[in-house]
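Colleague: I would like to learn how to read a protein model step by step. Could we begin with a helix, and then move on to the interior?

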Amino acid sequence: MEIEEDEERRRQRKLEEALEVKSLRRIISAYLNYPEAAEEDVRRYEKSFKKLPPAHKVLLPHYPSKFQNLRRCISLNSYFIFTMLQAFEPPLDMSQDVDGCKDPHLENFEHGHCHSEERNASSCQSASTSGRMCCSNHAEACPQEKSNIMSNPTTELQEVKSEQQHEPIFGSGAGEVENNNEIAECCSNDVADSNGNAFSSPHDWLDPSLLLNVPLVDVDKVRCIIRNIVRDWAAEGEKERNQCYKPILEELDAQFPNRSKESPPACLVPGAGLGRLALEISCLGFISQGNEFSYYMMICSSFILNHTETTGQWTIYPWIHSNCNSLSDNDQHRPVSIPDIHPASAGITEGFSMCGGDFVEVYNDSSQIGVWDAVVTCFFIDTAHNIIEYIEIISRILKEGGVWINFGPLLYHFADMYGQEDDMSIELSLEDVKKIAFHYGFELEKEQTIETTYTTNPRSMMQNHYHAAFWTMRKKRTTTT
C-alpha cells in the first residue's frame, strides 16, 4: 500500500512539475513573441496610412520615418528582453515533454489587471552567479515550499546580497524581428537585429522547438511589464513612487524609530512586483522579503536586481505601443534609462530576499505564524480570489503588536471572470474590508486617501487616477490575566 501511495505521489509531482514547465514556457514564449507582435502593429499602422487619399497622405510626410523609428524602438526593447531571458536560469528542466499535460486553469490563471499586474505562475529561483547579488536558502522566515496555483514545487529562497564585483552580462547585440520571420528566429542560435548585429543563446530551453504559440493577451502582459519597469526602476517613475512608496516608507520609519542594526525588524512585502519597494524597505534598515507570484515579474526583477552593473545601463521605449493620447511623436518615442539606481550599491540590509510563490500557499504555513514585525501591501489585496483569506493570513503571520501598512484601491482582479464555475471572487467594499480586519484582531491607527496613478505615461493626455486607501493597522496584543 505504501509503495502504491509513493508511486502515486511521484506521478502527481511529475505532473505538477510538467504543468509548471508548460506555464513557464508560455510566459517565455510571450516575451519572445514581443518583437513580432510589435512589428505586426507597425504593419497595421502602415496599412492604414497607405489607405489615405493622396491629398491626405501628403499632409503627413513624416509618417514613413515615424514607422521606421518605431521599429528601432522595438529593436532596442527586444534587445533588453532577450538579454534578460539569457540571464534567466529556470528552476525546472525546460526540455521535458509536456504536450500531454493539460490543466483547466492554464488558459485563465494569468488573469489580472495591469494596475498591479498578473498573478500567474509560481516559484522562481533566480540566478545566483558568484559576484552578483545572489540568492540562497538560509533566510529564516521563508519556508522551503513555494507553490503556484497548480502545484507545490520545492525551490530555494532568493536572498539578495550587496556585492561590488559584477560579471559582464552575456550578449552583445540587439534583436529585432523583421518581415514575417517566425518567432523561432528570435531565439535561435544566431539572432540578428535590423543593423545586422548578432548575439547567440547558449540556453537549450530557448530552443525554437520548445516555444509555444501564445495569444496576444500574453504579449500585452510583456508590454505591461515594460511600463512597470518605468514605475519601479526609472527616474520617470519617481513621481508615482513618491505617491505610493514614500508614504509607506515614512510610516515604517515612524513605526520602528529605534530599530536595531544587529537585529533589524522583519518586513514582508506580498505582491512585490519588480522589487523596488522591497529594496527600499531593506535600505531603510529592515530585513525585507518580497513575495511575488508572477513569472513575468520575477524574471524581470531578478535580472534588474542580480545583473545590473551600473545606473542607466539599459534604454527602453515603454510608450510606443499606443498611438492614443500622445502630445507628440517625440513624447511617444522618448527613451527611458534604467535602472535609476544600482541595486547592489543601494545600501541594502543583510537578509533582503525575493520569495516566489502564491501568497496564500507560501505563507499559510505553521512556520510563518508570528514571524513578521510588519507586512506592507501596495496594490495587492485586490488580487485575491478571497480577500478575507488574505487578511486572515496577514494577521496570523504578524507578531503581536505588529503593523500592517496597506496602500491601494479595490480593483478586484477576478471580478470580470465569467464562465469559470470553480473560480471565486469576493469583492468587498472598503468598509467591509476594515470590518474583516477588525475581526481578525487589527486596530486602525491611521487612515487617509491618497490620489495616485499606476504605470501611467506622465505625458499622456489621459491620466487614470486612483483614490487609494492608505492605512496603518496594528495587531492587538493578547491580554494575560
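Modeller: Let us start with an idea for judging a helix: its expected span is 1.5 Å times one less than its number of residues. The model before us is predicted, and in it helix α7 covers residues 295-307. Its 13 residues reach 17 Å from the first C-alpha to the last, which is close to the 18 Å expected.

Colleague: What caps the N-terminal end of α7?

Modeller: Serine 294 does so, with a side-chain oxygen that lies 3.2 Å from the backbone nitrogen of tyrosine 296.

Colleague: Is α7 largely enclosed by the rest of the structure, or left open to the outside?

Modeller: A residue counts as buried when its relative accessible area is under 20%. In α7, 13 of the 13 residues are buried, so this helix is largely enclosed by the rest of the structure. For the chain as a whole, 56% of the 481 residues count as buried.

Colleague: Which residues have the most contacts inside the largest nonpolar core?

Modeller: The general idea is that, in soluble globular proteins, nonpolar side chains tend to be buried together. Here the largest nonpolar core has 83 residues, and Tyr31 and Ile229 are those with the most contacts inside it. Helix α1, residues 2-50, gives the largest share of this core, namely 13 residues. The core also draws at least three residues from each of domain 1 (1-87) and domain 2 (236-475).

Colleague: What is tyrosine 31 in contact with, leaving aside its neighbours within four places in sequence?

Modeller: Its partners are Ile81, Met84, Leu85, Val222, Ile225, Tyr296, Ile299 and Cys300. Apart from this core there is a second, separate one of 29 residues, which includes Val360, Trp372, Ile391 and Met473.

Colleague: Where is arginine 71 found, and is it buried or exposed?

Modeller: Arginine 71 is found in helix α3, residues 63-87, and with a relative accessible area of 13% it is buried. Its side chain makes a polar contact, at 3.0 Å, with the side chain of glutamate 39.

Colleague: How many disulfides does the structure hold?

Modeller: The structure holds 0 disulfides. Among its cysteines, cysteine 283 is partly exposed at 26% relative accessible area, whereas cysteine 324, at 56%, counts as exposed.

Definitions and conventions. Residues numbered from 1 in each chain as written. Predicted model: local features only at pLDDT ≥ 70, side-chain atom pairs only at ≥ 80, totals over all residues. Heavy atoms only, no water. Core = buried A, V, L, I, M, F, W, Y, C linked by side-chain atoms within 4.5 Å. Buried < 20%, exposed > 50% of the residue type's maximum accessible area, 1.4 Å probe, protein only. Helix = DSSP H or I, 4+ residues; strand = E, 2+ residues; numbered from the N terminus. Domains from an automatic or database assignment. Contact = heavy atoms within 4.5 Å. Polar contact = N/O pair within 3.5 Å; in protein donor to acceptor, adjacent residues only side chain to side chain. Disulfide = S-S within 2.5 Å.
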